[in-house]
Amino acid sequence: MTRHTMSNVAPPTDLEAVASGTRASRLMQSWRMAGIFIPFLILFIVLSITSSAFLHTANLINILDQQASTLCIAAAGTLVLVAGGIDLSVGSTYALAGVTAGQIGQHHSIFIAIAVALAIGLLVGLVNGVVVTVFKISPLITTLAMSYVIEGLALKITAGNLILTGNIPGFTTFATATFLSVPSAVWMTAVFVVVLALLLSRTTFGRYVVAAGGNAEAARLAGVRVGGIKITTFVLSGLAAALGGVIDASRLGSILANSGGAGLSFTVLAGIVVGGTSIAGGEGSGWRTAIGVLFIALIGNGFDLLGVDPNWQQIVLGLILLVAVGLDMWTRRARR
Amino acid sequence: MDGDHRTAGAPGDDLVVTGVSKRFGGVPALSQVSVTIKAGTVHALIGENGAGKSTLGKIISGVIEPDEGSVVLGGAPLHMRSPREAMAHGIVTIAQELAIVPSLSVAENVYLGAEVATGGFVRRREARRRFRELAQRVGFDLQPDVPAGALSTADKQKVEIMRALSRNASFVVMDEPSAALSSHETAALHHIIRSLTAQGTAVILISHFLSEVLSLSDTITTLRDGHLIRTVEASGATEDSLIEGMLGRSLSAAFPDKTPAPPDAPVVLDVSHLCAPKVEDCSFVLHCGEILGIAGLVGAGRSELARAILRDARSSAGSVRLDGQELAGHSPRRAIRRGLVLIPESRKEMGLLMGRSVRENISLSRLDLVSRAGWVARLRERREVAALMSKTTVKAADMGLPATMLSGGNQQKLLFARSVMCAPTVLIADEPTRGVDVGSKRAIYDLLVQMAQDGMGIIVISSELEEVLGLAHRVLVMRHGRISAELTGPDMTEGAVLAAAFAETSAS
C-alpha cells in the first residue's frame, strides 16, 4: 500500500512507522473519548422510545436533581483518581457536613452553617492529602480509615438522631430555589462540574494532576510539585463531598449521620470508572465522569419507569463496571 | 522438570523460521522473514528500533504468534501460544525488561514456574542443591537465598540465564542483554554466551551494540522496516557494512567533531566536597560550553552524583554552586528554575508520561511559559512545542500522539526538547542514548554538541565508553562513589578510563 509509494520519496525511517501508528492511536484515543458517550446516547434513545414518562422535562430535571451531590463528588473524585489516588471517605464526609450544617443551622445563620460544613470538608481533604503524601500511607487505607473516624464523629454529634433541616428557615431554599424552573442544586452542580472539568483539561494544574498520576517520579524530576498537587486533589474532593452533603440536607429536609457512607463512596467511584477514568491514574476527564454518573442514574431511572425488578439494577451495574475496567486494562495493554 | 517432555526437536536440530509476517493494528512489523538458526551458534538480529528484530525474537520465543509463516524445529512446525509452550520446545527468552520476582529468593526465581516439588510441596533443600550445581556449571557466584530484588541488574540477568539453563534450553533469545550493563559486566555476559554455545545451546542475540554483535556472533541477520535485508557470516561483516544494511545508507561518522570550550570559559557549575548516599567527597568544575563525561562502572555512583548535584538526595556535606550562587533547597523544581536540568537515566520510569501526548511531555517543565494565570494557552503551547520539536529533530507525525507511539530515539529527544524549553545553563544527561538506534544516536550527539556550542555546560554520564570518549572534552571516572581520575586531552583513552574505573588503590 502506501509503504511502497512512500519509500520512493524518502528512505523508510521510523517516521513512516509513526505515521501509520497514528491511525491506530487515533482510533484508540477516539474510543476513549467516545467510550461512554455512545452507550449513554443509546440508552437515552432506548428509554425515550420504550418509556413514555422518560422524556419529560420533569423526569429529566428530577434525575439531575437527585444526582446533584453524586455529580459534584464524582467531579472532584476524578481529579483524585487521575492524580493516582482514591478517596473512600467522601460518603462519610458528605454525612458529617450535612449533619453539621443542620445542627448549626438550628441556632445560627445558614451562611455560617454552610461555611462551617464546607470548612469541615476542606479539613478532611487536607488530612487525607497530608497523610497520603507526607506519611506515604496508601490512599485506599488512609481514606478508608478516615471514613470510620468521620462517620464516628458524625454519630457523636447527632447521637444517632435524624437531623431535621426542613424546619430551618431558608435552609431548604439553598438547594431547591428554582431559576428558569431548574432547582439551584442542579445549577450549582453544573457550575461545579464545569469548573472542575476545565480545571483538569485546560489548566496547568490539570496537567500536573495528570503528570502526578501518570508517572509521579518523572513529574517530580520535571519540576512538578507532586505532593502539593495530590493534596490539592484530596482537598477538592473533601470540599465537594461537603457541598454534596449540604445540598442533600437542604434538598431532602433531613439527614442522618450514616447517610451516604460507603454506599455513596462506591457509587461515586463507579460513576468515575464507567466514565472511562483509569483507576491506575494519569488519565481521565471530568466530562466523561459526569456522563458516567448519569449513565448509571439512567439505568436506575429506566428500570423504575419500565417496572423491572430493582434487584437487576445492581447486577447490571456490576457487569457494566467490569466491562469499563476491562476495556481500560485492555487499551493500556494494547498500547505497550 | 527435565528435557524429556520436549515434544519436538532433539538437541542439534536447527530452528527454521519461514516466511513469518506480523502486523500490529494494521502496521506491518515483519514481512515474509525467513531465517535459519543453527544449533550451538550465536545468531545476531540487528536493525534500527522498529526494524522488527524484537518482534522476530518474540515470535521465536512464543510471546506473540505470527500472522503468517511458521517456526519449524526438527522438521515439525511449532505452534506456540505462550512462552511456556516455547519453553517446552527448549526455547527460552531473556527479555529486555527482566522478569524477576523481587521478593522471591534467587533460587526460587531460577525455578519459578518449574519448582522442584513433590505433590505440590516445594523441596527447598533439593532446589538449593540443584541451584548450586547449576551455578557451578556456569561459573556464577550467586547466593541462592538472597531476595532477587536486592541484586544488581547484571546479577538479575544471571538469574534469568540460570533459569533458561535449568530448563535445558537449546535456544536462548536475548533481547538487548547488555543494554543495562557496565563494561566489565558485559564482558562477563559475553563469556557466558560463549560457554552456552560451547554446550550446544544456540543464542539469538538482539543487540544495538555492533562491536558486541561482531565479536560474539557466528551469523548476523539485518532487518530494516520489517524486511529481511540479509543474513551474513559475521567473519565477513564490518561495522560499516552492518550500519549500511541497517540504515540503507552509510553513516558518515559516529561522533560529531569536538569543539572544546576555550580554557578561560567561565565556570557555570562548581561542585565541591559533595557527599550524599553513594557519593563521597566529589569535587569538580564545569565550564560554559564544555562537555564533561562521567564514566565508571554501573553502581559506581554516577547517577547518584547527578541526583546529589540536583539537590535531590540528602547530601551530608559539600556545596553546589550554579553560576556562582549556592544551589540551596532540595527539589528538582528549584534546580530547574535555577537553570540546572537533568535528563534521567531511564526515560520510561523517570522521564516520560508514556501514555500522554508529545506536546504534554515537552511542555511539562515550563508550562508557565505557555499559560496565563494557570490557563494553558493551547495555541501558544502548540507553536512553542513545534519549534522545540524541529530544534531537537523529534520525528512524530502529530504532537498529539502519545509518547509510547514513538521510537526509543524520538522518546529520548522528547526529553531533550523539554530540557531546551527550560533554557538551562547546565544540562546533565544520564545515559542519553540507552536503547536508542544508531541513526538517532548521532542526532542526539549532534544535539549535545549544539547545546554546548550555545554556551551550556553539559555533563554526559554514560556506560558506553566510546560515547564518553567520543563526545566529552574532559572525562571524570568514578569508582565507589568517588572521582578516581580526571582525564583530559591525550590521556582520554579506553585504557586509562578502565584502569581508573577498576583501580583498587592507585588512583584514589
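Modeller: In strand 10 of chain B, I204(B) stands opposite H43(B). Strands are DSSP runs (E, at least two residues) and helices are runs of H or I (at least four residues), both numbered from the N terminus. This is a predicted model, where local features need pLDDT of at least 70 and side-chain atom pairs pLDDT 80 or more, while totals for chains, interfaces and linings use all residues. Residues are numbered from 1 along each chain as written, chains are lettered from A and ligands numbered from 1 in written order, and side-chain values use heavy atoms, without hydrogens or water.

Strand 3 (residues 42–46) of chain B runs parallel to strand 10 of chain B, joined by four bridges; to count as paired, two strands need at least two DSSP bridges. Strand 9 (residues 171–175) of chain B also pairs with strand 10, in the parallel sense over five bridges. There, V172(B) sits opposite V203(B).

Now the cover. Strand 10 spans residues 202–206 of chain B, and five of its five residues are buried (under 20% relative accessible area; exposed is over 50%, partly exposed in between; 1.4 Å probe, protein chains only). In a regular strand, side chains alternate between the two faces of the sheet. In strand 10 of chain B, one side carries A202(B), I204(B) and I206(B), and the other carries V203(B) and L205(B). Both faces are covered.

Strand 21 (residues 426–430) of chain B is mostly covered too, with five of its five residues buried. V426(B), I428(B) and D430(B) point one way, and L427(B) and A429(B) the other. Strand 18 (residues 340–343) of chain B pairs with strand 21 in the parallel sense over four bridges. I428(B) is the bridge partner of L342(B), and I459(B) in strand 22 is the bridge partner of I428(B).

Next, backbone angles in chain B. D281(B), in strand 14 (residues 279–287) of chain B, has a phi near 50°, positive in a residue other than glycine. D281(B) is partly exposed at 37% relative accessible area. A373(B) is not a glycine either, yet its phi is about 50°. A373(B) lies in the loop between strand 19 (371–372) and strand 20 (375–376) of chain B. At 87% relative accessibility, A373(B) is exposed.

Last, the surface. E239(B), D240(B), E466(B) and E494(B) form a negative patch. Patch residues have over 30% relative accessible area and no salt bridge; like charges are joined within 9 Å, nonpolar side chains (Val, Leu, Ile, Met, Phe, Trp, Tyr) within 5 Å. A salt bridge puts a Lys or Arg side-chain nitrogen within 4 Å of an Asp or Glu carboxyl oxygen. E239(B) belongs to helix 8 (residues 239–247) of chain B and is partly exposed, at 37%.

Chain A has a nonpolar patch, with L305(A), W312(A) and L322(A) among its residues and about 650 Å² of accessible area together (Shrake-Rupley, 1.4 Å probe, with only the protein chains shown as cover for residues). Helix 14 (286–306) and helix 15 (311–335) of chain A each supply at least two residues. Helix 15 gives the most, with four. W312(A) is in helix 15 of chain A, and at 47% relative accessibility it is partly exposed.

Terms used. Lys and Arg count as positive and Asp and Glu as negative; His and the chain ends are not counted. The place of a charge is taken as NZ of Lys, CZ of Arg, CG of Asp or CD of Glu.
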